[in-house]
Amino acid sequence: MKTFPIPDDEQIHSLLTRTFVQKIGEYVPNPLDTDYMRYFSVTGTKVAAYLEKHPEEAKSYFARWSQVKTTHDVPKIWREGTNYRVAWLDHGMPRDLEDFATLEKAVAAHVTLEFGLPKN
Amino acid sequence: MNLIPISFIMSVFLALPAAAASPAPALLHLDQVLTQKIQDRAQGRLAPERVAEFVLRFRSDLDVANAEAPPTSANADLHARILSRLEDLVGSANVGNRESIRTDSRSALSRAYFEEKTTPAVISEEKRILSSEPFNGNRDAQDGVVVSGSRRIRFATRHAAANLLLNLPIPPTPLNDSESSSPAGAAALAAIGATGALLLFAGWGGDEIEKRLPGVKLRMGMAAAVGGVIATAGFMLMPAAPLVAQEQPQIASATEELQPYVIDEGKIVNRVWHSQWQAVDGASKPSGSSFCEGACLPIHAQSAIERRGLNIPGIVNDAQHGGLFRAVGTIPAHLRTAIDGIEGEIVISARYWHLLEFIPESHSQLPPGNPK
């Protein structure tokens, strides 16, 4: 078993690729039973900075998560014109709608909502 | 040679921006008139029964003055301030004592806030009142009350109330084409309102008011008729709108049924989520905006699904996991009956999630229950 903390880049990569359970499993024996966010210290700002350095991860994240059809209790990311938009869906109603000029910032906002990360 | 003093030229230039930012004289005049009437009312020189008469005339004058005023922020702010104070005056006439003026002043502004009609002017007026002498620290326990319709929300401190006002919720806009149903809904409301106004005025007291204010019946009748024509045109021009609303009724409900709600610091709310959320894209997770009140979880998942309306298209949530969250600050939220459910659902905007602290030891796996 590894010793906490999980390095920032590994935290972010595991959140982006939804492999954080496996990542936590490298540190604790029962990852599914843990309060996963206890082990994640990254912020939305750090995720955005990471994605600036790894734009291909932003693209693959968008390709996957913009396809989600669920309309309630989930964040949504989509493209509108030249901008990207992120919102929380409440029975199809977007709440906390935000516009972004870049894909990286939009993906960072989506991850922040998805996992309830602090923004800064 | 006649020289113009530089100080004079400077003073002209300095005065220009101030003049440009000043509200329209007609609005300023009405503001002064209203101030005088409020003072008269407070000192017993204006009888409650005369307030309605004054307000009716004043509103008419205000509409004219506002229509003629240039659309500047100064005019908009003053107009909003006048409207707020006018509500104060109406409230004082209803209650009938001087003490109520101060209370109702805050209430009217708070109602505007809670009905999401907030403007910068209302916010600044609310802050002014919150920081004014009558609302000082010594009276917090007595007066830290905000009124929303029939609800009275009591704050522990003035700071809590002020903090809430700094975190005003923003009304959402629809994501998809459901907004096309809004004009039809407005038209329907206008039609009902116009018809109701005619019936109400003609049958229940219209004659009595007409005796006191000659001509008002004709003016109200004309206004109602115009409203009815507009409403009818709305129905004729937008035949497709109701069809959209029928296809997605839950979207309209999500907007219309929200009521303001405040989660006080220290209060506990609970939430349920999908058991396989880590593996299923689009499933409900521990973080989210939907909560229920109280420090207890449903007896089983089936109960949560039925009571919280989780068994409708668009939701991936088997409700087999749940947990409690503690408010670490005062959280402005909204309350509604869960759509397709029966339990009260608290909706918290994402920007306030940082004020919720997950209680790890409360994380529970709920038994599935008895499927029908």
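**Strands and helices in chains A and B**

Colleague: Over how many bridges do β3(B) and strand β7 (residues 331-337) of chain B pair?

Modeller: Two strands pair if DSSP finds at least two bridges between them. Here B:Q259 stands opposite B:L335 in β7(B). The sense of the pairing is antiparallel, and the count of bridges is five.

Colleague: What should I know about the model, and what counts as a strand or a helix?

Modeller: This is a predicted model: local features need pLDDT of at least 70, side-chain atom pairs count only at pLDDT 80 or more, and totals for chains, interfaces and linings use all residues. Residues are numbered from 1 along each chain as its sequence is written, while chains are lettered from A and ligands numbered from 1 in the order in which they are written. Strands (E, at least two residues) and helices (H or I, at least four), numbered from the N terminus, are DSSP runs.

Colleague: Which strands stand at the edges of the open sheet in chain B?

Modeller: Seven strands form the sheet, in the order β3-β7-β8-β5-β4-β6-β9, with antiparallel pairing. An edge strand has a single partner, so one side of it is left without a neighbour in the sheet. Neighbouring strands are turned by 40 degrees against each other on average, direction ignored. The edge strands are β3 (259-263) and β9 of chain B.

Colleague: How many of the seven residues of strand β6 (residues 321-327) of chain B are buried?

Modeller: Six bridges join strand β4 (residues 268-273) of chain B to β6(B), with B:R271 opposite B:G323. Six bridges also join β6(B) to strand β9 (residues 356-365) of chain B, with B:L324 opposite B:I359. A residue is buried with 20 or more other C-beta atoms within 10 Å of its own, exposed with 12 or fewer, and partly exposed in between, C-beta atoms being placed from the backbone. β6(B) is mostly covered, and its buried residues number five.

Colleague: Is A:P118 buried, exposed or partly exposed?

Modeller: A:P118 lies in the segment after α5 of chain A. Leaving aside neighbours within four places in sequence, A:P118 is in contact (C-beta atoms, placed from the backbone, within 7 Å) with A:T43 and B:H354. With 13 other C-beta atoms within 10 Å, A:P118 is partly exposed.

Colleague: Are α1(A) and α3(A) roughly parallel or roughly perpendicular to each other?

Modeller: Axes are lines fitted to C-alpha atoms, for helices over the stretch in contact, with angles from 0 to 180 degrees between N-to-C directions. Angles under 35 degrees count as roughly parallel, over 145 as roughly antiparallel, 65 to 115 as roughly perpendicular and the rest as oblique. The axes of α1 (residues 8-16) and α3 (residues 44-53) of chain A come within 10 Å and cross at roughly 85 degrees. α1(A) and α3(A) are therefore roughly perpendicular.

Colleague: Is the crossing of α4(A) and α5(A) left-handed or right-handed?

Modeller: The axes of α4 (residues 55-65) and α5 (residues 103-115) of chain A come within 9 Å and cross at roughly 60 degrees. That makes α4(A) oblique to α5(A). A crossing is left-handed if the near helix is turned anticlockwise from the far one by less than a right angle, and right-handed if clockwise. The crossing of α4(A) and α5(A) is left-handed.

Key:
Two residues are in contact if their C-beta atoms, placed from the backbone, lie within 7 Å.
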